[in-house]
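Here are my notes for a first look at this one. Have the model open beside you and follow the points in order.

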Amino acid sequence: ISKDLASSAQRPSSSHCAVNRNAQFTPHVDSGRGLGQSLSMIVGLGNYGGGKLLVEGDAHDIRFTPLQFDGWRSRHWTAPFAGERFSLVWFTPDI
């Protein structure tokens with residue numbers, strides 16, 4: 001079992017899930033509806049190449065591999081990809 005998957009088992013449940021299709025995000029920190037939360041969980045799905053998630057410049061292959069990160073404090077973006085790419089992002093807004 002991967003370290004990321006093991007840590008996700010200890011993560012509190014999320015109340016929201018964003019579904020993105022073929023989204024190529026530029027560098028940003030999260031804002032809006034999820035403001036106030038701490039950690040998000042993301043996983044990539046689909047038949048694509050490339051498309052790693054960069055968090056503060058560190059590349060993470062999220063294809064079929066969940067990653068927990070703080071998108072509200074850490075700048076992150078999508079590397080270029082080819083094919084059909086979905087990402088699911090779980091979070092709980094502080095509302």
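1. Start with the sheet: an open one of 4 strands, in the order 1-7-2-5, with antiparallel pairing. Strands here are DSSP runs of E with at least two residues, helices are H or I runs of at least four, and both are numbered from the N terminus. Two strands count as paired if DSSP finds at least two bridges between them. Strand 1 (16-21) and strand 5 (67-69) each have a single partner strand, so these two stand at the edges and one side of each is left without a neighbour in the sheet. From one strand to the next, the twist averages 25 degrees, with axes taken as lines fitted to C-alpha atoms and angles running from 0 to 180 degrees between N-to-C directions.

2. A word on what you're looking at. This is a predicted model, in which local features need pLDDT of at least 70 and side-chain atom pairs count only at pLDDT 80 or more, while totals for chains, interfaces and linings use all residues. Residues are numbered from 1 along each chain as its sequence is written, and side-chain values use heavy atoms, with hydrogens and water left out.

3. Now the whole protein. It has 1 helix and 7 strands, and from the N terminus on the elements go α-β-β-β-β-β-β-β. There are 95 residues, of which 37% count as buried; that label means under 20% relative accessible area, exposed means over 50%, and partly exposed is in between (1.4 Å probe, protein chains only). The accessible surface comes to about 5700 Å², and 54% of that belongs to carbon and sulfur atoms (Shrake-Rupley method, 1.4 Å probe; for residues, only the protein chains shown count as cover). Take the contacts between residues at least 6 apart in sequence: 77% of them join residues at least 24 apart, where contact means heavy atoms within 4.5 Å.

4. How do the neighbouring strands line up? Strand 1 pairs with strand 7 in the antiparallel sense over 6 bridges, and Val-19 stands opposite Leu-88 in strand 7. Strand 7 also pairs with strand 2, again antiparallel, over 10 bridges. Leu-88 turns up here too, with Val-43 opposite. Moving on to strand 5, you'll find 3 bridges joining it to strand 2 (residues 40-50), with the two running antiparallel; Ile-42 stands opposite Leu-67 there. As background, side chains in a regular strand alternate between the two faces of the sheet.

5. Is Asn-20 buried or exposed? This residue of strand 1 is buried, because its relative accessible area is 17%. Leaving out residues up to four places away in sequence, Asn-20 touches Phe-25, Arg-85, Phe-86, Ser-87 and Val-89.

6. The C-alpha atoms of Phe-86 and Asn-20 are separated by 5.4 Å, although the two residues are 66 apart along the chain. Phe-86 counts as partly exposed, because its relative accessibility is 26%. Beyond its neighbours within four places in sequence, Phe-86 is in contact with Asn-20, Arg-21, Val-43, Gly-44 and Leu-45.

7. What about charges? Side chains of opposite charge can pair when their charged atoms come close. The structure holds 2 salt bridges, each defined as a side-chain nitrogen of Lys or Arg within 4 Å of a carboxyl oxygen of Asp or Glu. One is formed by Arg-21 and Glu-84, with the closest N and O atoms 2.9 Å apart. This pair links distant parts of the chain, as Arg-21 is in strand 1 and Glu-84 is in strand 7, 63 residues apart. Arg-21 is exposed at 54% relative accessible area, whereas Glu-84 is partly exposed at 34%.

8. The side chains of Arg-73 and Asp-70 also meet in a salt bridge, at 2.8 Å from N to O. Check the accessibility of both ends: Arg-73 is exposed, with 63% relative accessible area, but Asp-70 is buried, with 15%.

9. Finally, the rings. A search of the whole structure finds 1 aromatic pair. Tyr-48 and Phe-81 form this edge-to-face pair, 6.3 Å centre to centre with 70 degrees between the planes. The two residues come from distant parts of the chain: Tyr-48 is in strand 2 and Phe-81 in strand 7, 33 residues apart. Rings of Phe, Tyr and Trp (its six-membered ring) pair if their centres lie within 6.5 Å; planes under 30 degrees apart count as stacked, over 60 as edge-to-face and the rest as tilted. Both Tyr-48 and Phe-81 are buried.
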